Amino acid sequence: MSIEAREISKTFGAFRALRGVSVKVASGELVALLGPSGCGKTTLLRIISGLETPDPGSGPIRFQEEDVAHKSARERRVGFVFQHYALFRHMTVFENIAFGLRVRPHSSRPSEDGLRRRVMELLHLIQMEAMGSRYPSQLSGGQRQRVALARALAVEPKVLLLDEPFGALDAKVRQELRRWLRRLHDEIGLTSLFVTHDQEEALEVADRVVILNAGQVEQTGTPDEVFHHPATEFVMRFLGHVNLFHGRREGEGIVLGKPEDAGARIFVRPHELEVSSLETPEARLKATVRRLWSAGGQVKAELIGGGGDVFYVEMSHERFSELCLTEGQEVFVYPRKYRIFPPTAGQGD
């Protein structure tokens, strides 16, 4: 079941939350809506689900070939998972999952045996077969979110929508649960769209990523495409750490310099910045090592340039050992890879 939302706009008073946004999700695809707080991603998800109404003049919202823009959330048969679980505290895990089936019209409600069978299938799917009699207060945050997901799946939705599903969990549980969600998606193949502001989460879990900023789509692509080939300066800055240099083009390369004598803004990720203990034709920008920290898979260094600019480098432990870097040491740097974007409105060189 594919999803398409075309030219969707939404205003709240004088605030324009969405400005003609278009999104497509192929059947069986898992797509992330990624962006900072206030960019419009949750508003778009709620409009697709039927919980919010777009502005007049917005385009269609299609599930497969059917325009569902004028249908209610119930009629759209959407499974919706919220950030804060929204479980019924007075109901057991079993009854929370069964709730959507019990409130169906009598004509489409399964028998008690059929209902029990369906709930037990879902408990097995979320790896909680022995916890059906527990109450939400007796579960961890990760377990509660699994129950919320099972409840959304119980009614056999056409599509699954998730709004910051792991936002209320600590970092380690988030990591475990998002990997579990990816495996679950591969198993059931349900078309899914989820909202997150966590770049790592989107890049790890999604088939494709839609990056939103100020109510507009900045870029859509696979995780590799948006990270390694950012279309705009915003995408470059938003997806991970980045250093900003000023410089100028010289032949096929660049020369890093000062803002007053350089004509280009040059963006370099920390792992793409090379450090040399000696000045070379390439490495001409002088800097001083201000801080080093080696915990983790890579060594990270904070450098300060002659003009007081601070920038960051990431390197392997092997490279760190070769350089024998120490705090206070003078070094020279150059980018192995860089990107230059046109200045944005109101932005000088």
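How many bridges join β14 to strand β18 (residues 330-335)? Four bridges join the two strands, which run antiparallel. This is a predicted model, in which local features need pLDDT of at least 70, side-chain atom pairs count only at pLDDT 80 or more, and totals for chains, interfaces and linings use all residues. Residues are numbered from 1 along each chain as its sequence is written, and side-chain values use heavy atoms, with hydrogens and water left out.

**Figure 1. Overview of the protein.** The secondary structure comes to 10 helices and 19 strands; helices (H or I, at least four residues) and strands (E, at least two) are DSSP runs, numbered from the N terminus. The C-alpha trace spans about 80 × 50 × 30 Å along its principal axes. Of the 349 residues, 47% are buried, buried being under 20% relative accessible area with a 1.4 Å probe and protein chains only. Among contacts (heavy atoms within 4.5 Å) with a separation of 6 or more, 64% are between residues 24 or more positions apart.

**Figure 2. An open sheet of five strands.** The strand order is β14-β18-β15-β16-β17, with antiparallel pairing; two strands pair if DSSP finds at least two bridges between them. β14 and β17 (310-315) are the edge strands, each pairing on one side only. On average, neighbouring strands of the sheet are turned by 45 degrees against each other, direction ignored. Axes here are lines fitted to C-alpha atoms, for helices over the stretch in contact, and angles run from 0 to 180 degrees between N-to-C directions.

Figure 3. V275 stands opposite V333 in β18. V299 stands opposite M315 in β17.

**Figure 4. Packing of helix α5 against helix α6.** The axes of α5 (residues 141-154) and α6 (residues 171-188) come within 11 Å and cross at roughly 25 degrees. The two helices are therefore roughly parallel to each other, a term for angles under 35 degrees. α5 passes α6 in a right-handed crossing, meaning that the near helix is turned clockwise from the far one by less than a right angle. From α5, G142, Q145, R146, L149 and L153 meet V173, L177, W180, L181, L184 and I188 of α6. The residues of this contact divide into eight nonpolar, two polar and one charged. Nonpolar covers Ala, Val, Leu, Ile, Met, Phe, Trp, Tyr, Cys and Pro, charged covers Asp, Glu, Lys and Arg, and the others, Gly among them, are polar.

How values were computed. Angles under 35 degrees count as roughly parallel, over 145 as roughly antiparallel, 65 to 115 as roughly perpendicular and the rest as oblique. Buried means under 20% relative accessible area, exposed over 50%, partly exposed in between (1.4 Å probe, protein chains only).
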